Amino acid sequence: MEHHSKPLGTYKIFLIGFMGSGKSAISDYLCRNYGMEKIEMDQLISEREGMPITEIFARHGEAYFRNLETALLVELRDKENAVISCGGGTPMRENNVAEMKKHGKVVLLTASPQTIYDRVKNSHERPLLEGHMDVAFISNLMEQRREKYEAAADLVIQTDGKDQAAICKELTGQLMEWEKQTCRQ
């Protein structure tokens with residue numbers, strides 16, 4: 001695997017999207033190939049709380065967990081050259097979106113409900129899907145979130161049928177294009 005120079009400089013990229021849209025895989029790839037620091041919000045919160053996300057939800061409720069997410073985003077303000085993989089619900093809060101947009105670029109990874117289902121069907125780490133693991137439920141939940149996701153995103157990348165390299169090439173290409181546009185204004 002060739003190591004790229006850092007065309008992303010001091011970027012902070014927030015990856016948002018439905019569970020199974022590829023956020024972890026893409027943050028891994030950016031970390032390996034562009035020397036970016038990888039931060040998985042769910043994992044970090046889970047480690048700090050000393051329990052899995054499903055247990056945080058069960059013990060303390062969703063609102064408690066969402067407050068931890070918001071606090072973590074504030075804490076990450078000064079990070080540079082980092083790719084932050086956000087939990088599926090992170091962009092549902094306006095203040096989270098404002099925080100992300102102020103301090104980085106928000107990239108939405110999307111996929112069809114069928115693709116998502118194929119990627120997550122064997123996982124039990126998804127509190128919102130337990131007992132509802134089917135395409136119709138996923139499709140419905142995605143639809144409920146779509147507007148907020150799209151409103152939050154600076155860039156949108158479709159991941160169906162693409163490998164990590166292709167997705168990252170598209171992502172970095174779009175970011176650099178976006179940067180050029182911004183400089184011209």
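Does Asn-81 count as buried or exposed, and at what relative accessibility is that decided? Asn-81 counts as buried, because its relative accessibility is 13%, where buried means under 20% relative accessible area, exposed means over 50% and partly exposed lies in between, all with a 1.4 Å probe and protein chains only. The residue lies in the loop between helix 4 and strand 3 (82-85), and its phi is near 50°, a positive value in a residue other than glycine.

**The model as a whole**

This is a predicted model, in which local features need pLDDT of at least 70 and side-chain atom pairs count only at pLDDT 80 or more, while totals for chains, interfaces and linings use all residues. Residues are numbered from 1 along each chain as its sequence is written, and side-chain values use heavy atoms, with hydrogens and water left out.

The protein chain averages a pLDDT of 87, and 88% of the residues score at least 70; pLDDT is the predictor's confidence in each residue, from 0 to 100. Over residues 1-6, however, pLDDT stays under 50, and for this stretch the model has 12 contacts beyond four places in sequence, a contact being a pair with heavy atoms within 4.5 Å.

The protein chain has 8 helices and 5 strands, and from the N terminus on these elements run β-α-β-α-α-α-β-α-β-α-α-β-α. Here helices (H or I, at least four residues) and strands (E, at least two) are DSSP runs, numbered from the N terminus. Of the 185 residues of the protein chain, 42% count as buried. Among the contacts with a separation of 6 or more, 74% come from residues 24 or more positions apart.

**How helices pack**

Helix 4 (residues 62-75) and helix 5 (residues 94-103) have axes that come within 10 Å and cross at roughly 15°, which makes helix 4 roughly parallel to helix 5. Axes are lines fitted to C-alpha atoms, for helices over the stretch in contact, and angles run from 0 to 180 degrees between N-to-C directions. Angles under 35 degrees count as roughly parallel, over 145 as roughly antiparallel, 65 to 115 as roughly perpendicular and the rest as oblique.

The crossing of helix 4 and helix 5 is left-handed, a word used if the near helix is turned anticlockwise from the far one by less than a right angle, with right-handed used if it is turned clockwise. In this contact, Glu-69, Thr-70, Leu-73 and Val-74 of helix 4 meet Asn-95, Asn-96, Glu-99 and Met-100 of helix 5, and these residues divide into 3 nonpolar, 3 polar and 2 charged. In this scheme Ala, Val, Leu, Ile, Met, Phe, Trp, Tyr, Cys and Pro count as nonpolar, Asp, Glu, Lys and Arg as charged, and the others, Gly among them, as polar.

Helix 4 also packs with helix 2 (residues 41-49), at an angle of about 110° and with their axes 11 Å apart, and the two helices are therefore roughly perpendicular to each other. Residues of helix 2 including Met-41, Leu-44 and Ile-45 meet residues of helix 4 including Tyr-64, Phe-65 and Leu-68. By class, this contact of helix 2 with helix 4 has 8 nonpolar, no polar and 5 charged residues.

The contact is made by Pro-113, Gln-114, Ile-116, Tyr-117 and Val-120 of helix 6 and Val-135, Ile-138, Ser-139 and Met-142 of helix 7, which divide into 7 nonpolar, 2 polar and no charged.

| Residue pair | Apart in sequence | C-alpha to C-alpha |
|---|---|---|
| Ala-71 and Asn-96 | 25 residues | 9.1 Å |
| Ala-136 and Tyr-117 | 19 residues | 9.5 Å |
| Ser-112 and Gln-158 | 46 residues | 8.7 Å |

Ser-112 is found in the loop between strand 4 (105-110) and helix 6, where it is partly exposed, with a relative accessible area of 26%. Leaving aside neighbours within four places in sequence, Ser-112 is in contact with Gln-158 and Asp-160.

Ser-21 is found in the loop between strand 1 (12-16) and helix 1 (23-34), and it is buried, with a relative accessible area of 1%. Not counting residues up to four places away in sequence, Ser-21 touches Leu-109, Ile-116, Arg-119 and Thr-159.
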